[in-house]
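Biologist: Can you take me through this one? Please keep the words simple.

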Amino acid sequence: MRLGALLIILSMLVPVALAQQDSVIVRMPPKQSDEDASHGYISAALSLALQETEYDYPPAQIEMLPITYNQRLMFSLLNHKGVLDIVASAPSPAREIAYRSVRVPLLKGLLGYRMSLIRAEDKEKFDAITDPEEFKKLIACQGAHWPDKDVFEHNGFPTASTDDFPDLFVMLNNKECDYFPRAITEGYAELHNYNQLNADKRLVAYDKFLFHYIQPFLFYTSHENYELAARLAKGLIKATHNGKLLKLMQEHPVTAHVFPLTKWDDKSIIRLENPLLVKALPLEFPEYWITLANQPYLPDSINAGSSEAK
């Protein structure tokens, strides 16, 4: 579907009337598919940021876009006022130029810890892996426009990709790729959702080896929507420092299973370099990051910052 036609449809479907004259609508994408588990957490984090700033800004209401599309097109809609206000994603230098990011990690860096979804028939093959180099003989499933695709390829791990999130599960089942790296905050819930809908094509979790690279999960809006960006930054910084963001992670159904962090201590970590890591991230502040399995990827002080979550 061409962008112009999509915008016409959205202009007819997206409500524009405000409940109160001084209230604001914050429009975000809907779930990518039935397997999409992280959407609920993104929505909750957005609500938290808005609640933490409700005394400094007008009342806000979150609305979901009535149509979903791939990540590239969703980003392009940010520059069309009144259609879409916010997208949550991993950063890249190109996105930092084209859009305005809120540089407060929504998942305290846990987006960069990756388990894998694999075919049930391949479990023994993966369990037999002892050397991370063996993964370079396999193919990782990746979204065509995801920064993660570039990370894996930069580190010598082959990928196969497609535009749309649901098609990645199809590719895995069709043996077009061998494993689907997913953040530990989302992969297990996505696995549950997928298996509920596909009992005859069940997948299994593989986490003997975890991939790790520095990868924050950020909100993006348009450069013109600077007031919303400033509001979200203020709210997320406040929620990070007062512990409410960590509390959300510990209690939300999507992310609660990550805790206690000691459950990851026996995992082997394959550390990757992220060539797309953007500048101006709060890397030196431990309160914004969590590390696993005693594998510091930032200054040693970060480990002390993560101890509150264990």
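Modeller: Start with the contacts between residues at least 6 apart in sequence: 76% of them join residues at least 24 apart. Contact means heavy atoms within 4.5 Å.

Biologist: What kind of model is it, and how are residues numbered?

Modeller: It is a predicted model: local features need pLDDT of at least 70, side-chain atom pairs need pLDDT 80 or more, and totals for chains, interfaces and linings use all residues. Numbering runs from 1 along each chain as its sequence is written, and side-chain values use heavy atoms, leaving out hydrogens and water.

Biologist: How many helices and strands?

Modeller: Eleven helices and eleven strands. Both are DSSP runs, numbered from the N terminus: helices are H or I with at least four residues, strands are E with at least two.

Biologist: How much of the protein is buried?

Modeller: Of its 310 residues, 54% count as buried. Buried is under 20% relative accessible area, exposed is over 50%, and partly exposed is in between, with a 1.4 Å probe and protein chains only.

Biologist: Now helices. At what angle do H2 and H9 pack?

Modeller: About 95°, with the axes of H2 (residues 39–51) and H9 (residues 226–241) 7 Å apart. Axes are lines fitted to C-alpha atoms over the stretch in contact, and angles run from 0 to 180 degrees between N-to-C directions. H2 and H9 are therefore roughly perpendicular (65 to 115 degrees).

Biologist: Which residues meet there?

Modeller: H2 brings Ala45, Leu46, Leu48, Ala49 and Leu50, and H9 brings Arg231, Leu232, Gly235, Leu236 and Ala239. By class, that contact of H2 with H9 has eight nonpolar, one polar and one charged residues.

Biologist: New topic. How many aromatic pairs are there?

Modeller: The count is 22. Rings of Phe, Tyr and Trp (its six-membered ring) pair if their centres lie within 6.5 Å; planes under 30 degrees apart are stacked, over 60 edge-to-face, the rest tilted. Phe165 and Phe180 have ring centres 6.3 Å apart and planes at 55°, so that pair is tilted.

Biologist: Where do Phe165 and Phe180 sit in the chain?

Modeller: Phe165 is in helix H7 and Phe180 in strand S8, 15 residues apart. Both Phe165 and Phe180 are buried.

Biologist: And how are Phe285 and Tyr288 arranged?

Modeller: Their ring centres are 6.4 Å apart with planes at 70°, so the pair is edge-to-face. Phe285 is partly exposed, at 38% relative accessibility. Tyr288 is buried, at 9%.

Note on methods. Parallel < 35°, antiparallel > 145°, perpendicular 65-115°, else oblique. Nonpolar A, V, L, I, M, F, W, Y, C, P; charged D, E, K, R; others polar.
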